[in-house]
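These are my notebook entries from a look through a two-chain model.

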Amino acid sequence: MENIIQFENVSKSFGDLQVLNKLNLEVKDGEKLALIGPSGSGKTTILRILMTLETIDDGFVSVNGEYLWHEKNDGKIIPASENHLHKMRDHIGMVFQQFNLFPHLTAIENVQQPQTLIKKKTDAEAKEKAEELFHLVGLGDKKDQYPHQLSGGQQQRVAIARALAMDPKIMLFDEVTSALDPELVDEVLTVLRKLASDSDTTMLTVTHEMNFAREFADRVLFFDSGQIVESGKPESIFSNPTKKRTKEFLKKFINNVN
Amino acid sequence: MNEVIEFYPILIKGTITTIQLTVLGAILALIVSFIVGLARISSFAAIRVIAIVYLEFFRGSSALVQMFFIYFVLPMWGIYFDALTAGVVACGLNVGAYGSEVVRGAVLAVGKEQHEASKALNYSIYKKYRYVIIPQAIPIMIPTFGNLLIELLKLTAVASLITISDLTFMAQIIRVQTALTLEPFLLILIIYFIIATILVQIVDLIAKKFSKGRNIMTAGDK
């Protein structure tokens, strides 16, 4: 399989704080990746760089065989133009911690509007797709509610449907259950598990739900201080971590290990 | 008082003129508010500077003098307006300057997460503002726009000084004709108040329509 995402020596700082330090990362097409690690370790920044919400300071990021933050012009490599970024964003979808639904639109309008505006679908096509996705995320009866009338878990499922409606090759999930009340976490994770097993979309998820990471992921990356400390199959990371920092981190989630 | 009531045809005419000035001025003010308000947050420095100069000029000088300028001075440079147009332009440009601050504030009040969601869905800058940001900003603007509309109504009274026969102008005529002072001015005070009350009701209706089924101010909170 080919690499759909590649980070080569990518560095990123916010002021004095270096969040990524010469990061190298390869993700295969269709792979399901879980990023774990302490807060501020740079996991979320990776997703935000891929979604073009953060620029990079140094290095190269490739998506689907093309540079994301650069483009070729007369054989020279120059920083990406807005046009290039627009083209590249078409491959990528993101679900946010705080859902970020459009509050002035109903649930189904949230899923329809981007399809008609950006994917140039007709209203009927967009509606059909939206209804299909509402069925998938189990919200068929909530489609005409406004976001504020829905629970956090329901809002997050609408947000997942909205991202899926754009047919991205790569889906990014940024701590999608962190803002939810504990009893609502499962309904969102259930949807994600279903997606992971049914689709060949590449998925990257930043999560603090270790049980979920274990089931969801083909590969788990443990991050600390802007670098990948350890990576491997979920069984090996969770059952037999080799690095001291991984062990220490996982100890905090002791109930989830074994 | 009966003497004054006999002048009701010109009072009605004056009321209509005042409403005309207010409505046309409001339309111009609204257009100016959006153009200048959005220019203030443009990524082009030159556009921002022009918008700031506009805002500071119209906010920092007298509305009456601006109106005199448009009606008496511009013709010296070959730019002619009839009195009503000059009144509308002066009121609209002046209130539009204040309105631009309302637009700017409301647009900036829409959270960063809405910009990020739009980007993640690949909205262009134009589509982001047109379909996501401005629709959420409008309900925030409406109450303050309502206040400005009342300010605009009161500002139209100075238009009588450039020969526009609005309510205030008509009151002066009645005063001269009847030698009564209290009655005509008391009467137009009441008429201004009634117009203002009706405008407040209309703005409330619009606000209700825009916020129906939505809860924008609390969105983004968990």
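**Chain B overall**

I began with the make-up of chain B and found nine helices and zero strands; helices here are DSSP runs of H or I with at least four residues, strands are runs of E with at least two, and both are numbered from the N terminus. Read along the sequence, the pattern is α-α-α-α-α-α-α-α-α.

A note on the ground rules: this is a predicted model, in which local features need pLDDT of at least 70, side-chain atom pairs count only at pLDDT 80 or more, and totals for chains, interfaces and linings use all residues. Residues are numbered from 1 along each chain as its sequence is written, while chains are lettered from A and ligands numbered from 1 in the order in which they are written.

I then looked up the extent of chain B: its C-alpha trace spans about 70 × 45 × 20 Å along the principal axes. Of the 222 residues in chain B, 37% are buried (20 or more other C-beta atoms within 10 Å of a residue's own; 12 or fewer is exposed, in between is partly exposed, and C-beta atoms are placed from the backbone). For contacts in chain B with a separation of 6 or more, 78% join residues 24 or more positions apart; a contact means C-beta atoms, placed from the backbone, within 7 Å.

**Where chain B meets chain A**

How many residues does each chain bring to the contact? I noted 23 residues from chain B and 24 residues from chain A. On the chain B side, helix H6 (112–120) and helix H7 (125–155) each supply at least two residues. H6(B) gives the largest share of that side, six residues. By class, the side of chain B that touches chain A has nine nonpolar, eight polar and six charged residues. For these classes, Ala, Val, Leu, Ile, Met, Phe, Trp, Tyr, Cys and Pro are nonpolar, Asp, Glu, Lys and Arg are charged, and the others, Gly among them, are polar.

Two packed helices are described by the angle between their axes and the distance between the axes. The axes are lines fitted to C-alpha atoms, for helices over the stretch in contact, with angles from 0 to 180 degrees between N-to-C directions.

I took H6(B) with H7(B) to start: their axes come within 11 Å and cross at roughly 155°. That makes H6(B) roughly antiparallel to H7(B) (over 145 degrees; under 35 is roughly parallel, 65 to 115 roughly perpendicular, and the rest oblique). The crossing of H6(B) and H7(B) is right-handed, meaning the near helix is turned clockwise from the far one by less than a right angle, anticlockwise being left-handed. B:Gln114, B:His115 and B:Ser118 of H6(B) make the contact with B:Lys128, B:Val132, B:Ile133 and B:Gln136 of H7(B). I sorted the residues of this contact into two nonpolar, four polar and one charged.

Next came helix H2 (residues 8–40) of chain B, whose axis comes within 10 Å of that of H7(B), with a crossing at roughly 130°. H2(B) and H7(B) are therefore oblique to each other, and their crossing is right-handed. Here B:Thr22, B:Gly25, B:Ala26 and B:Ala29 in H2(B) meet B:Leu149, B:Leu152 and B:Leu153 in H7(B). This contact of H2(B) with H7(B) has five nonpolar, two polar and no charged residues.

**The core**

Which residues touch the most other members of the largest nonpolar core? Of its 127 residues, they are A:Leu35, A:Leu50, A:Met94, A:Ala161, A:Leu172 and B:Leu152. A nonpolar core is a set of buried Ala, Val, Leu, Ile, Met, Phe, Trp, Tyr and Cys residues joined through C-beta atoms within 7 Å. Helix H5 (residues 83–109) of chain B provides the largest share of this core, 12 residues.

**Positive phi in chain A**

A:Thr52 has phi near 65°, a positive value in a residue other than glycine. A:Thr52 sits in the loop between helix H1 (43–50) and strand E4 (58–63) of chain A. Buried or exposed? A:Thr52 counts as buried, with 23 C-beta neighbours inside 10 Å.

My last entry is A:Lys120, with a positive phi near 55°, in the loop between helix H3 (107–118) and helix H4 (123–136) of chain A. A:Lys120 is exposed, because 9 other C-beta atoms lie within 10 Å.

Conventions
Two residues are in contact if their C-beta atoms, placed from the backbone, lie within 7 Å.
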